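Please look through the model below before reading on.

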Amino acid sequence: MYEPTNEELKSVEEWFAEYDALAEQGAIEKLADLAVFPMNLATDVPDGHATVRQWTRAEYVEAMKEAMGGGTAGLDLRSKRTPHFVSRNLVVVETEATMTVEGGQESMHYADLLVRTEDGWAFQTMVQGGWGYGWPAAKRG
C-alpha cells in the first residue's frame, strides 16, 4: 500500500482549495481546466441500478452550469476529504460535505479520482449517487 508523503498530501489539499475557490465563484470553465477529458462518471438511479458514462469537456461544463449555477458562494459548504493514495500518481478522494439549501442542511457523499499530470493534479473520475436520471443502466460485458 502506498504511503503518501506530507508534501503529497498537502498538494492534494491545495488542489481542492483551488477547486473550491473556483466553484465558489462559479468559474466552470476554469474548473474544467482542472480535469482530464473524457471524464468518467459513475452514479446510479434511485431505486434502480448503477449507470456510467463519459463526458466531454462541453458536457461537463453544461452539467456543472446546471448543477452549480452562479457558484457555491452563500451555501455554507463544508467538506471533509479523505485521500486514499493508490500510487504516487493516483489518489481517490472521498468527500463528505454539507451545505445549506433553502434554509436546510443537505449532505453529500462522493469520491473523485485525481491523476497526477505534468501540470499537477487533475480530476478524471467522479463517483456520486443519484445523478443518473434518464441514463441507461450499466451492463456487464
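Aspartate 47 takes a positive phi near 60° in the hairpin of strand 1 and strand 2, which has 5 residues between the strands. This is a predicted model, in which local features need pLDDT of at least 70 and side-chain atom pairs count only at pLDDT 80 or more, while totals for chains, interfaces and linings use all residues. Residues are numbered from 1 along each chain as its sequence is written, and side-chain values use heavy atoms, with hydrogens and water left out.

Strand 1 covers residues 35-44 and strand 2 residues 50-55; the two pair in the antiparallel sense over 6 bridges. Strands are DSSP runs (E, at least two residues), numbered from the N terminus, and two strands pair if DSSP finds at least two bridges between them. Leucine 41 has arginine 53 in strand 2 as its bridge partner.

Threonine 51 is also placed in strand 2. Is threonine 51 buried or exposed? Threonine 51 is buried, because its relative accessible area is 0% (buried means under 20%, exposed over 50%, partly exposed in between, with a 1.4 Å probe and protein chains only). A polar atom of the threonine 51 side chain lies 2.5 Å from the backbone oxygen of proline 136.

Valine 86 belongs to strand 3, residues 78-87. Valine 86 is exposed, with a relative accessible area of 54%. Not counting residues up to four places away in sequence, valine 86 touches Tyr2, Val91 and Val92.

Terms used: Helix = DSSP H or I, 4+ residues; strand = E, 2+ residues; numbered from the N terminus. Polar contact = N/O pair within 3.5 Å; in protein donor to acceptor, adjacent residues only side chain to side chain. Contact = heavy atoms within 4.5 Å.
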